[in-house]
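The following exercises concern one protein chain. Each task is followed by a solution in steps.

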Amino acid sequence: MEYMTADTKVNGYMVYPRFLSAIDVSPTEKIVYVYLFNRARSSQRASKSGKFADQIGRVYIVYPIKDLAADTGFTERWVKKSLKELEEATGVHLNLLAQPG
């Protein structure tokens with residue numbers, strides 16, 4: 001058995017915002033939010049170099065539904081349902097753009 005030490009490198013983790021524990025959505029919606037939030041954090045870092053931010057500094061993400069579905073292991077239909085539920089529960093505006101194809 002291995003134990004974590006002060007020098008243990010932790011790779012491949014995602015941030016889970018604490019407020020998710022207090023809202024009434026399913027675990028599926030919470031997982032979808034975690035993926036979106038972590039993508040937003042990447043966009044936030046990139047925005048400092050002028051990428052993934054609009055003219056007034058709002059950070060945005062590009063995450064095609066099919067990619068989000070593949071990453072989470074959920075169907076595209078389930079991801080779309082989860083996004084709608086999250087928007088209603090959190091008040092976070094998820095501006096989804098139509099994707100070609």
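**Exercise 1.** Determine which residues are exposed on the other side of H2, and which residues of H2 are buried.

*Solution.* Step 1: on the other side of H2, Lys66 and Ala70 are exposed, where exposed means over 50% relative accessible area, buried under 20% and partly exposed in between (1.4 Å probe, protein chains only).

The model is predicted, so local features need pLDDT of at least 70 and side-chain atom pairs count only at pLDDT 80 or more, while totals for chains, interfaces and linings use all residues. Residues are numbered from 1 along each chain as its sequence is written, and side-chain values use heavy atoms, with hydrogens and water left out.

Step 1: the buried residues of H2 are Ile65, Leu68, Ala69 and Thr72. They lie on the same side of H2 because they cover an arc of only 100 degrees around the axis; the arc is that of the directions from the helix axis to the C-beta atoms. An α-helix has 3.6 residues a turn, so residues three or four places apart point the same way.

Step 2: H1 and H3 are included in what covers the buried residues of H2. Just after H2, Gly73 takes a positive phi of about 85 degrees.

**Exercise 2.** Compare the span of H1 with its expected value, and state what its buried residues pack against.

*Solution.* Step 1: H1 has 21 residues and reaches 30 Å from its first C-alpha to its last, close to the expected 30 Å; the expected span is 1.5 Å times one less than the number of residues.

Step 1: the buried residues of H1 include Val32, Tyr33, Val34 and Leu36. The buried residues of H1 pack against helix H2 (65-72) and helix H3 (76-90).

**Exercise 3.** Explain why Tyr13 counts as exposed, and locate this residue in the chain.

*Solution.* Step 1: Tyr13 is found in the segment before helix H1 (27-47).

Step 1: Tyr13 counts as exposed because its relative accessibility is 58%.

**Exercise 4.** Describe the chain as a whole.

*Solution.* Step 1: the protein chain has three helices and zero strands, and from the N terminus on its elements run α-α-α.

Step 1: its C-alpha atoms fill a box of roughly 50 × 35 × 30 Å, taken along the principal axes.

Step 2: of the 101 residues in the protein chain, 23% are buried.

Methods. Helix = DSSP H or I, 4+ residues; strand = E, 2+ residues; numbered from the N terminus. Contact = heavy atoms within 4.5 Å.
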